[in-house]
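Q: Could we go through this structure feature by feature, with the general idea given before each case?

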Amino acid sequence: MRILVTGNMGYVGSVLVNHLRRVLPNAVLIGFDAGFFSTCLTERNLCPEVVLNQQHFGDTRQSDPQLLVGVDAIVHLAAISNDPMGDAFEAVTMQINHAASVTLAQKAKAAGVKSFIFASSCSVYGSADDSARTEKSALNPLTAYARSKIATERDLEPLADDRFQITCLRFATACGWSARLRLDLVLNDFVASALANRQIEILSDGTPLRPLIDVKDMARAIEWAIARPHSSGGRYLTVNVGSNDGNYQVKDLAHAVNTIIPEVEVKINKNAQPDKRSYRVDFSLFKKLAPLHQPDQDLARTIRELKTGLESFGFADRDFRNSRLVRLKALYSLRSSGYLDDALHWKLLSGNDAA
């Protein structure tokens with residue numbers, strides 16, 4: 001089996017490729033990435049790409065159809081991957097997350113690719129009452145990122161048929177350790193702040209609901225999607241990916257971190273404006289379709305792994321929210337250094353042009 005992973009040099013991709021190599025040792029694994037975050041390594045002696053058979057660099061907005069020849073499955077992770085980046089680069093987000101994703105799927109179908117897995121998000125539910133959102137619930141996107149995911153799901157569906165299976169995985173909010181760690185995710189931020197600043201500051205009143213999933217469990221869900229038969233969800237499937245036990249209020253996440261990292265002050269801004277991004281998600285369909293690939297990382301284990309990983313390289317950056325471990329800051333750094341233009345295309349640089 002030949003599997004192409006776009007965005008393989010990101011937070012999820014760095015975990016996924018190692019997982020796929022373990023469970024599919026004979027597969028031909030191919031990476032395709034723009035390289036924006038290639039140097040954002042937290043495990044200094046580990047290059048996740050060594051497990052790949054091939055690594056290609058490029059922009060999904062200009063993907064070469066030749067790269068798809070002979071490929072059996074595409075795992076499409078490449079994206080502008082959170083709300084702050086989507087807000088800062090709204091037009092680019094729609095170009096990359098939506099238009100380029102649909103074009104890639106069209107090229108994949110024409111090339112004879114059998115399976116296309118799209119990394120979507122539960123953020124499409126946006127703001128909801130206390131009832132758990134199912135795949136049939138109304139969507140209420142509040143950000144460019146969420147709107148881009150909905151638009152892509154919509155335009156992928158007509159492409160699916162008996163020879164081209166499409167799976168849209170609406171992931172819960174990611175968390176957990178990766179060789180390319182992100183600290184712009186709620187749980188990861190709390191652990192980093194607890195270690196570096198001995199406090200956790202919740203910018204909202206702490207009541208918004210978030211479903212969480214460890215990045216290792218995301219990889220297991222993708223493994224399932226690659227091999228799922230038509231009988232398990234049909235030729236086109238949109239499914240919430242996470243666990244019903246993984247719905248938390250933000251303040252509960254802070255207290256869970258404080259349990260494992262004691263003597264940390266938890267500060268809740270009780271006067272904050274309400275955070276409208278609050279939703280509980282029902283993951284029953286995923287449990288029914290993928291009983292052998294359910295999340296098995298509990299919250300405490302994820303927190304401990306984050307703590308151990310950060311401590312292993314002496315993490316003590318009190319200003320980490322302005323570091324390259326926050327993806328928006330990494331993009332700003334590349335732009336200010338002259339490496340990327342405003343549309344996030346690499347510039348052709350030579351000599352001291354990037355000074």
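Q: Is L344 buried or exposed?
A: As this is a predicted model, the reading is of computed values. The general idea is that a residue counts as buried under 20% relative accessible area. L344 has a relative accessible area of 1%, and is therefore buried. The residue belongs to the segment after α10 (327-336), and its phi is near 65 degrees, a positive value in a residue other than glycine.

Q: Which phi value does E263 have, and is E263 buried or exposed?
A: E263 has a phi near 60 degrees, again positive in a residue other than glycine. Its place in the chain is the loop between α7 and β12. The cut-off for exposed is over 50%, and E263, with a relative accessible area of 75%, is therefore exposed.

Q: What does the accessible area say about D129, and how far is D129 from S278 in space?
A: A relative accessible area of 48% makes D129 partly exposed. D129 sits in the loop between β5 (115-121) and α4 (144-156). Although D129 and S278 are separated by 149 residues in sequence, their C-alpha atoms are 8.1 Å apart in space.

Q: How should I read the crossing of α5 and α9, and at what angle do their axes cross?
A: Two things are read, the angle between the axes and the hand of the crossing. The axes of α5 (residues 186-197) and α9 (residues 299-312) come within 10 Å of each other and cross at roughly 50 degrees, which means that α5 is oblique to α9. The crossing of α5 past α9 is right-handed. On the α5 side the contact is made by L187, N188, V191, A192 and L195, and on the α9 side by L299, T302, I303, L306, K307, L310 and E311. Sorted by class, this contact of α5 with α9 holds eight nonpolar, two polar and two charged residues.

Q: Which residues of α7 and α9 meet, and at what angle do the axes of these helices cross?
A: The axes of α7 (residues 250-260) and α9 come within 10 Å and cross at roughly 60 degrees, so α7 is oblique to α9. Here α7 passes α9 in a right-handed crossing. From α7, the residues L253, A256, V257 and I260 meet L299, A300, I303, R304 and K307 of α9. The contact of α7 with α9 divides by class into seven nonpolar, no polar and two charged residues.

Q: What is the strand order of the open sheet of three strands, and which are its edge strands?
A: The order is β7-β9-β11, and the pairing is mixed. The edge strands, each pairing on one side only, are β7 (173-175) and β11 (247-249). On average, and with direction ignored, neighbouring strands of this sheet are turned by 50 degrees against each other. Between β7 and β9 (residues 209-214), which run parallel, there are three bridges, and T173 has L212 as its bridge partner in β9.

Key: Residues are numbered from 1 along each chain as its sequence is written. This is a predicted model: local features need pLDDT of at least 70, side-chain atom pairs count only at pLDDT 80 or more; totals for chains, interfaces and linings use all residues. Side-chain values use heavy atoms; hydrogens and water are left out. Helices (H or I, at least four residues) and strands (E, at least two) are DSSP runs, numbered from the N terminus. Buried means under 20% relative accessible area, exposed over 50%, partly exposed in between (1.4 Å probe, protein chains only). Axes are lines fitted to C-alpha atoms, for helices over the stretch in contact, and angles run from 0 to 180 degrees between N-to-C directions. Angles under 35 degrees count as roughly parallel, over 145 as roughly antiparallel, 65 to 115 as roughly perpendicular and the rest as oblique. A crossing is left-handed if the near helix is turned anticlockwise from the far one by less than a right angle, and right-handed if clockwise. Contact means heavy atoms within 4.5 Å. Ala, Val, Leu, Ile, Met, Phe, Trp, Tyr, Cys and Pro count as nonpolar, Asp, Glu, Lys and Arg as charged, and the others, Gly among them, as polar. Two strands pair if DSSP finds at least two bridges between them.
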